[in-house]
Amino acid sequence: MKNEQFNDRNISNDYFKVDIADYPTTDWGKFKCALDRTFKLELLVGLWVVLREMFKFNTHTVKYPEEKMPIGPRYRAVHEMKRLWESDTERCIGCGLCEKICISNCIRIDTKIDENSRKEVSEYSINLGRCIFCGYCAEVCPELAIVHGGEYENASDQREHFVMYEDMLTPLDKMKAGTQSEFEGFGAITPHEEERVKKTPLAY
Amino acid sequence: METAYLIETVIKIVVILLVFSALAGIGTYFERKVLAFMQRRLGPMNVGPYGMLQFGADAIKLFTKEDIIPTNVVSPIFKIAPVITVSTAFIAAAAIPFLPSFTLFGYEVHPIIADINIGILYILGVMGIGLYGPLLGGMASANKFSLLSAARSAVVFISYEVVAGLSILAPIMLVGSLSLIDFNNYQIENGWIILSQPVAFLMFWIAAFAETGRTPFHLIANDHEIIDGFGTEYSGMRWGLFYIGEYANMFFISFVISLLFLGGFGDGSVIGAFLFLGKVAFFFFCFLWARAAWPDVRPDQLMWLCWKVLMPIAVINIIITGVVIMEG
Ligand code: SF4
Ligand code: SF4
């Protein structure tokens, strides 16, 4: 299955109003309505429709564990930490905005100054038991470092199910193979952004 | 002779009990599959090939589940109610000939437990008692939804009973007997009763839907309005008994309709027997088919339908039949 059919927001123009008459209010009208329904055999239409569907055998069931629905790019599941394309280093600059904005207080971040006098993230964890997957952290992150991934099968045997920085971070070998997938959800750069960027008007 | 008859009857009872209890289970499988296909789903798929062992899994679950008797219920009535439903369904089956008589090891077997001369009256009466199950179970449950369902079962009872009774009166006048065997033999000579009494057939069929409590008259246990109605407080095998009773009833009423109106098993040949089972299967399928296609009516609509529409038509049908018999 492909994503395209789900991403197509263009609503077709073939919608039309069904011609439904008002309910009759007079006794004669009600009687006529009952007669109509009896002898026009409207009930058989319903029977025919379900029988037709049965013989067509055109099921739309997704056999879940074997088959999975494709997930839209804006789907908000367990978080991922991205690396920079250029240097393979971590994008996170330890600004702490995500911890600040998280409305359920489930991000915990700690930083220290490393041997090169640069700010380094020493602790970073998300309590998935409390996370409501609102997407604020991904939206606020200035570096597009913390983003939402597509991994939704995160059942756990306890409520306090944490995800640590190391687990979220794109592995280095994946980075080397150049297969880190860029986040396309909310807060990300939209496609064709370059065409829409205007130069800062400096004329005045 | 006496002993042989006794042994034969006991064996027949055991066979019918086993066959129809199992059929009730298999019936749930067919119901789920047919409904699923009609609604473009797959239905049970994971237990056994194509989910065919699903009813076995369900049975194990029902048998091993804890039998909960809630605190405030009237416990003797609460306990006996499911037994009423299931036992009346099977007791009613005593007067139904399931197949034409055949010879087994030189011994002639009549696949009917008791060919009593008031057959159809007996069947309808005993099946009617079956509604005491939901009625008593619902009233004893100390649950408002169960109570509503009990009231509704009374509504259903007073509605369909009159239509069922009056609609088969005309065929009974034609045949001149209440025994289902006589009905069958009458139709060998005079053609199927559905041809001479189509109106009675339709009305009895409608009443059968109300009798078994199936959609569009699924008021007693309407899941989206009153949870499971009388079954809300039941668990485990007691609930399972209600279920077996409901499905056994569906099978038995299918047998009765085929015998009354569609020629039954005909002259007793093998082809006739298979045709008979085919007709029964068709009526059972119709129960499922209607459930997939039609919405439920309200209790007052059911009463309106039965008392103001079907009953007058049934009475007129009887009068016309009487006049025609008198003339002929
Ligand atoms: S998705 Fe929302 S709740 Fe979850 S970590 Fe991000 S900001 Fe917090
Ligand atoms: S993940 Fe983003 S918002 Fe959070 S500390 Fe790192 S750079 Fe700042």
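Let's start with Ile96(B): leaving out residues up to four places away in sequence, Ile96(B) touches Pro111(B), Ile112(B), Ile123(B), Leu180(B), Phe252(B), Phe255(B), Val256(B) and Leu259(B). Keep in mind that this is a predicted model.

Ile96(B) belongs to the largest nonpolar core, which has 88 residues. Along with Met38(B), Phe204(B), Phe252(B), Leu260(B) and Phe261(B), Ile96(B) touches the most other members of that core. Helix α11 of chain B, running over residues 236–261, makes the largest contribution, with 14 residues. There's also a second, separate core of 21 residues, and Met81(A), Ile109(A), Leu128(A) and Cys137(A) are among its members.

## Chain A and its domains

Chain A splits into domain 1, covering 7–54, and domain 2, covering 79–189.

## Two ligand shells

Ligand 1 is surrounded by 13 residues, and the closest are Cys102(A), Ser104(A), Cys131(A), Cys134(A) and Cys137(A). Sorted by class, that shell around ligand 1 comes out as nine nonpolar, four polar and no charged residues. Cys137(A) turns up here among the closest residues, and also in the second core.

Ligand 2 has 13 residues around it too, with Cys92(A), Cys95(A), Gly96(A), Cys98(A) and Cys141(A) coming nearest. Its shell is made up of 11 nonpolar and two polar residues, with no charged ones.

## Where the chains meet

For the contact between the chains, chain B puts in 13 residues and chain A puts in 13 residues. About 1400 Å² is buried between chain B and chain A, and carbon and sulfur atoms account for 74% of that area.

On the chain B side, Arg40(B), Leu42(B) and Trp294(B) do a lot of the work: they supply 46% of the area that chain B buries against chain A, more than any other three residues.

## A glycine in a loop

Gly51(B) sits in the loop that links α1 (2–38) to α2 (54–64) of chain B. Is this glycine, Gly51(B), buried or exposed? Gly51(B) counts as buried because its relative accessible area is 0%, and the cut-off for buried is under 20%.

What is Gly51(B) in contact with, once its neighbours within four places in sequence are set aside? The partners are Tyr29(B), Pro44(B), Met45(B) and Asn46(B). As for Lys33(B), it is 18 residues from Gly51(B) in sequence, and the C-alpha to C-alpha distance between the two is 9.2 Å.

Technical notes
Residues numbered from 1 in each chain as written. Chains lettered and ligands numbered in written order. Predicted model: local features only at pLDDT ≥ 70, side-chain atom pairs only at ≥ 80, totals over all residues. Heavy atoms only, no water. Near = heavy atom within 4 Å. Nonpolar A, V, L, I, M, F, W, Y, C, P; charged D, E, K, R; others polar. Core = buried A, V, L, I, M, F, W, Y, C linked by side-chain atoms within 4.5 Å. Buried < 20%, exposed > 50% of the residue type's maximum accessible area, 1.4 Å probe, protein only. Helix = DSSP H or I, 4+ residues; strand = E, 2+ residues; numbered from the N terminus. Contact = heavy atoms within 4.5 Å. Domains from an automatic or database assignment. Buried area = accessible area lost by both parts, 1.4 Å probe.
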